[in-house]
Amino acid sequence: TAEHIPELAALLATPATSLLTTLAPARECGVTPVDAAELVAYNHDWMNKYRGRSACVVKPKSTAEVAAVVKYCAQQRIAVVPQGGNTGLVGGGVPVYDEVVISLANLNKIRSFDAISGTLVADAGCILEVLDNHVAEKGYMMPLDLGAKGSCHIGGNVATNAGGLRFLRYGSLHGNVLGLEVVLPDGRVLDGLSTLRKDNTGFDLKQLFIGSEGTIGLITGVSIITPRRPSAFNVAVFGLPSFEAIQTLFPRVKAHLGEVLSAFEFFDAASMTLVQGHASQQVRDPFEAKHPFYVLIETGGSNKEHDDAKLSSLLEDLMENSLISDGVLAENETQIAGLWTLREAIPEAANRAGAVYKYDLSMPVDKMNELVEVLRARFEEKGLLGEGKMFSTVVGYGHIGDGNVHINVVADKFTPEAEAQLEPFIYEWVSEVSGSISAEHGLGRMKGEKIGYSKSDVSVELMQSIKKMLDPHRIMNPGKVSWRLPVCLLAC
Ligand code: FAD
Ligand code: MLT
Ligand code: ZN
């Protein structure tokens, strides 16, 4: 990379703050080389599972700079990795070897917000929570919400087609994104930042980039529709005796709450134990007794009395018919946040507990807990589960409303032996029930080669053709999603 540093620096208006490198030639162009430690955060992922060794991070401040850098890299056959907030859970945003990291962190301006239509246009590097606070001032909210909202970028959300906690109510980014500005792998800019709700002129090209995980273009701008922010929220958590009870509960809750239901999340007893023991903040269990399963429901509406009446009628029904073992209802904003923490703190607690193998799976709701049980039984039989064993715990949680279960298996450390206990067993099991091996996190480095478990050969061939057409030199995020294609790195 060293020989390319002066050229890269020349493409940036302020190289001193837009180029981070450990390489000495930096000095010649007014850039002070940084210590390797300063690049660590760009080289490893949130779980500390994947590590690259990039010596060069470019942080462009405009779309034009992104385009110039990508064009140069394409000409020189330099591989690049787009990186947003680096909160991805499949190793997609970190280099495999020494690719140049293009961080979107400096591309973080809100371009416009139309308070009549609720249309927001923002740079890809804007943090999701910042955008949500911005539109909140005008009575709107972002159509997605996730535990990583304080760090993840809207561009990263679009690139991974993130789902999140309110998908049940507001749906997929495939529906909410109105337009994208994308720097293509040859440096051309696809200016598709439309704010139109309806536009049937030809192919809807933006859809290709939603969920493409940085393998066919670098998203620099996003136009997105934001829904009205509810003025009244209610949150309740229920304790339940079995997973079957959750399946009885779900249609009942939908029938009572209808359009005001905005989340229906579940977690099991092992998740609750994990949060109590490992979350960074103290999280109080609101129940006196432990329950095998918990469900969190949220309502968001515009008339508090109306929502409260619906909720009371639901609670009456649940009590009368013994559909839940216990329940707590938040009475103020602090309690709402406290109950949400029980669910939102699970990923963080798992991460702090050890080396976490994460499986993000879609399947019919009645199957969602079966695999958790199958895994526990399998490991117990082999003497692999418990304190001091290969795996300390197996937890199940997720988005019931979307048929999306997250299975986290906590190990002492990441080892080929531990992975061999989990894969391909889990993928085969999911494929057998016609599920998806990636519901919302993407394929990244973890599952690129596993795509065949969820997609047909013809689908994979078509994707490869598109990749080949848009990125013939394979410079965009090599070693991820673009399975079967040889990796072209700086050396080649
Ligand atoms: P990164 O991690 O930086 O990148 C992710 C992928 O997108 C990489 O392949 C990268 O190359 C690519 N990319 C990033 N920016 C761009 C861009 N501008 N152009 C092109 N490609 C780009 N996900 C869910 O779906 N639902 C959840 O509920 C959820 N909760 C989470 C909770 C926690 C605590 C954490 C840590 C993660 C969670 N995630 C969840 C994972 C989720 O994928 C990310 O949080 C988020 O969408 C990624 O955004 P990011 O900016 O961090 O992207
Ligand atoms: C969640 O639902 O909490 C996220 O997808 C993150 C995770 O799976 O750990
Ligand atoms: Zn999730």
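Student: How many bridges join strand β11 and strand β12?
Tutor: This is a predicted model. Strand β11 covers residues 261-268, and strand β12 covers residues 293-301. Ala-263 stands opposite Glu-298 in β12. The two strands pair in the antiparallel sense, and the bridge count is seven.

Student: Which strands are the edges of the open sheet?
Tutor: Seven strands form the sheet, in the order β13-β10-β12-β11-β15-β16-β14, with antiparallel pairing. An edge strand here pairs on one side only. That gives β13 (326-329) and β14 (355-362).

Student: By what angle are neighbouring strands of this sheet turned against each other on average?
Tutor: The open sheet has seven strands. Direction is ignored in this average. The angle is 15°.

Student: At about what angle does helix α14 run to β15?
Tutor: Helix α14 spans residues 346-353. It lies across β11, β14, β15 (391-399) and β16 (404-411). Its angle to β15 is about 165°.

Student: Is Ser-362 buried or exposed?
Tutor: Ser-362 lies in strand β14. A residue counts as buried when 20 or more other C-beta atoms lie within 10 Å of its own. Ser-362 has 23 such atoms within 10 Å, so the label is buried.

Student: What distance separates the C-alpha atoms of Ser-362 and Ala-439?
Tutor: Leaving out residues up to four places away in sequence, Ser-362 touches Gly-403, Asn-404, Gly-435, Ser-436 and Ala-439. Ser-362 and Ala-439 are 77 residues apart along the chain. Their C-alpha atoms are separated by 5.0 Å.

Student: Which element gives the largest share of the side of domain 1 that touches domain 2?
Tutor: Domain 1 is 2-103 and domain 2 is 110-225. Their centres, taken over C-alpha atoms, are 23 Å apart. The contact takes 14 residues from domain 1 and 21 residues from domain 2. On the domain 1 side, six residues come from the leading contributor, α4.

Student: How many residues of that side of domain 1 are nonpolar?
Tutor: Elements giving two or more residues to this side are α4 (63-76) and β3 (80-83). The side also holds six polar residues and one charged. The nonpolar count is seven.

Student: Which residues have the most contacts inside the largest nonpolar core?
Tutor: This core has 130 residues. Beyond four places in sequence, the contacts of Val-80 include Val-70, Cys-73, Val-100, Ile-102 and Ile-475. Another core, of six residues, lies apart, with Val-90 and Leu-443 among them. In the largest core, the residues asked for are Val-80 and Val-295.

Key
Residues numbered from 1 in each chain as written. Chains lettered and ligands numbered in written order. Predicted model: local features only at pLDDT ≥ 70, side-chain atom pairs only at ≥ 80, totals over all residues. Pairing = 2+ DSSP bridges. Helix = DSSP H or I, 4+ residues; strand = E, 2+ residues; numbered from the N terminus. Axes fitted to C-alpha atoms, helices over the stretch in contact; angles between N-to-C directions. Contact = placed C-beta atoms within 7 Å. Domains from an automatic or database assignment. Nonpolar A, V, L, I, M, F, W, Y, C, P; charged D, E, K, R; others polar. Core = buried A, V, L, I, M, F, W, Y, C linked by C-beta atoms within 7 Å. Buried ≥ 20, exposed ≤ 12 C-beta atoms within 10 Å, placed from the backbone.
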